[in-house]
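Hi everyone, thanks for coming.

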Amino acid sequence: MKKWLVACAGVLMTLSLSACSSKTVATTSGGKITEIQYYDSMKKTSSGKQILQQMILDKILEGKYGDKVTDKMVNKEYNKYKKQYGSSFSAVLSQNGLTASAFKKSIRSNLLLRQAVIANTKITDAQLKKQWKSYEPTITVAQILVSNEDEAKSIIEDLNKDGSWKNFKKLAKEKSIDDSTKNDGGKLPSFNNTDTSLDSTFKKAAFALKQGEYTKEPVKTSYGYHIIYSIKNPGKGKMSDHTQELKDQIIDEKLNDSATLQAVISKEFKEGNVSIKDSDLKDILADYLSTSSVTTSSSSSKKSSSSSEASSSESSSESSAADSSSAE
């Protein structure tokens with residue numbers, strides 16, 4: 001999910017707009033660098049301006065929606081990424097110039113923005129029904145990936161004799177060429193209809209399986225030939241049982257729509273009573289304050305005249321099945 005201006009730099013750097021002093025930031029053989037010198041230099045850069053925009057937005061959103069975003073929610077998201085990346089999590093943070101606390105701050109910014117989108121989005125019954133058509137429950141599957149169709153068919157013949165999960169895991173460890181999943185019996189991270197990392201052919205075949213079933217024909221993708229086993233599939237059920245989940249999916253779509261974010265952020269800036277005290281930065285919010293504010297409807301986002309700056313606060317790690325492998 002892409003979020004507005006939640007860049008690594010935005011959470012790692014701090015600009016003080018008031019009481020900038022002559023406190024020394026660094027010393028060199030050629031002289032010292034003071035806080036105000038650093039500030040005067042940073043405010044002229046695009047990254048410095050983006051950081052200030054983010055800081056202003058965070059202050060506004062914190063004041064309006066801060067009580068809706070708890071530490072528990074932040075930690076839940078943080079631990080989700082930690083689990084996703086496993087032993088490489090610290091390295092991933094380091095590669096992105098992030099500390100654990102900075103990443104949590106970025107997560108909180110994203111959750112606050114989510115609350116703003118929720119507050120500015122009206123979801124109708126028509127939208128819920130439309131979302132229901134594409135809805136699929138969260139399922140867990142395993143796969144055996146091989147390079148040719150004949151081998152895949154041979155494995156299916158073995159499964160026809162013993163189609164148990166125990167036997168599937170055994171065959172995955174012996175036959176699968178997907179090194180990232182084979183040692184765990186080919187098991188993949190759980191996913192639902194909102195997943196964008198998996199090959200569509202793979203997903204269609206996986207959703208069609210009932211729990212405990214496996215594909216009776218090889219599933220071909222750009223990675224090779226897959227045999228898929230359904231470990232967990234609760235079934236689609238009734239729409240009334242999934243109302244909140246459908247609403248969450250609609251909001252997630254809005255968070256990935258630049259026009260919606262532009263409209264929501266512009267509205268929040270306008271209602272935030274922002275006063276820029278530095279004349280050099282007086283137009284820093286011009287792109288947002290000059291656009292019309294919109295309360296978005298799920299049926300259609302009203303496009304604003306300029307796109308929002310966006311950067312992803314997270315990398316997504318995917319397993320190599322059917323477009324499901326490789327971490328960003």
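Before I name any helix, here's what I mean by one: helices are DSSP runs of H or I with at least four residues, numbered from the N terminus. And please keep in mind that this is a predicted model.

With that in hand, let's start with Asp150. You'll find Asp150 in helix α8. Is Asp150 buried or exposed? Asp150 counts as exposed, because its relative accessibility is 62% and the cut-off for exposed is over 50%. Now look across to Pro218: Asp150 and Pro218 are 68 residues apart along the chain, while their C-alpha atoms are separated by 9.1 Å.

Let's stay in α8 for a moment. Glu149 and Lys153 make a salt bridge through their side chains, at 3.7 Å from N to O. These two are four residues apart in helix α8, which runs over residues 149-161, so about one helical turn separates them. If you're new to helices, here's the general idea: an α-helix has 3.6 residues a turn, so residues three or four places apart point the same way. As for cover, Glu149 is partly exposed at 34% relative accessible area, and Lys153 is partly exposed too, at 38%.

Asp280 forms a salt bridge with Lys43, and the closest N and O atoms are 2.8 Å apart. Asp280 sits in the loop between α12 (258-271) and α13 (286-289), and Lys43 sits in the loop between α2 (35-42) and α3 (46-65), so this pair ties together parts that are 237 residues apart in sequence. What I like here is the contrast in cover: Asp280 is exposed, with a relative accessible area of 56%, whereas Lys43 counts as buried at 10%.

Next comes Asp252 with Arg114. Their salt bridge has its closest N and O atoms 2.4 Å apart. Asp252 lies in helix α11 (residues 243-255) and Arg114 in helix α6, so here the parts being tied together are 138 residues apart in sequence. Asp252 counts as partly exposed at 29% relative accessibility, while Arg114 is buried at 15%.

That brings us to α6 itself. Helix α6 covers residues 100-119, which is 20 residues, and at 1.5 Å a residue it should span 28 Å. What do its end C-alpha atoms say? They are 29 Å apart, which agrees. Helix α6 is mostly covered, with 14 of its 20 residues buried.

Okay, over to the surface. Which residues gather in a patch of positive charge? They are Lys83, Lys166, Lys169, Lys173 and Lys187. Helix α9, residues 165-175, gives the most to this patch, with three residues. Lys83 comes from elsewhere, in helix α4 (residues 71-85), and counts as exposed at 73% relative accessibility.

There's a nonpolar patch on the surface as well. Val25, Ile33 and Tyr38 form it, and together they have about 230 Å² of accessible area. Val25 is found in strand β2, residues 24-28, and is partly exposed, with a relative accessible area of 46%.

Ser22 is exposed, with a relative accessible area of 54%. In sequence, Ser22 and Ile36 are 14 residues apart, and their C-alpha atoms are 6.1 Å apart in space.

One last stop, back in a loop we've already visited. Most residues other than glycine have a negative phi. Now find Asn273 in the loop between α12 and α13. Its phi is near 55 degrees, a positive value in a residue other than glycine. Asn273 is also exposed, with a relative accessible area of 71%.

Methods. Residues are numbered from 1 along each chain as its sequence is written. This is a predicted model: local features need pLDDT of at least 70, side-chain atom pairs count only at pLDDT 80 or more; totals for chains, interfaces and linings use all residues. Side-chain values use heavy atoms; hydrogens and water are left out. Patches are made of residues with over 30% relative accessible area and no salt bridge: like charges are joined within 9 Å, nonpolar side chains (Val, Leu, Ile, Met, Phe, Trp, Tyr) within 5 Å. Accessible areas come from the Shrake-Rupley method with a 1.4 Å probe; for residues, only the protein chains shown count as cover. A salt bridge is a side-chain nitrogen of Lys or Arg within 4 Å of a carboxyl oxygen of Asp or Glu. Lys and Arg count as positive and Asp and Glu as negative; His and the chain ends are not counted. The place of a charge is taken as NZ of Lys, CZ of Arg, CG of Asp or CD of Glu. Buried means under 20% relative accessible area, exposed over 50%, partly exposed in between (1.4 Å probe, protein chains only). The expected span of a helix is 1.5 Å times one less than its number of residues.
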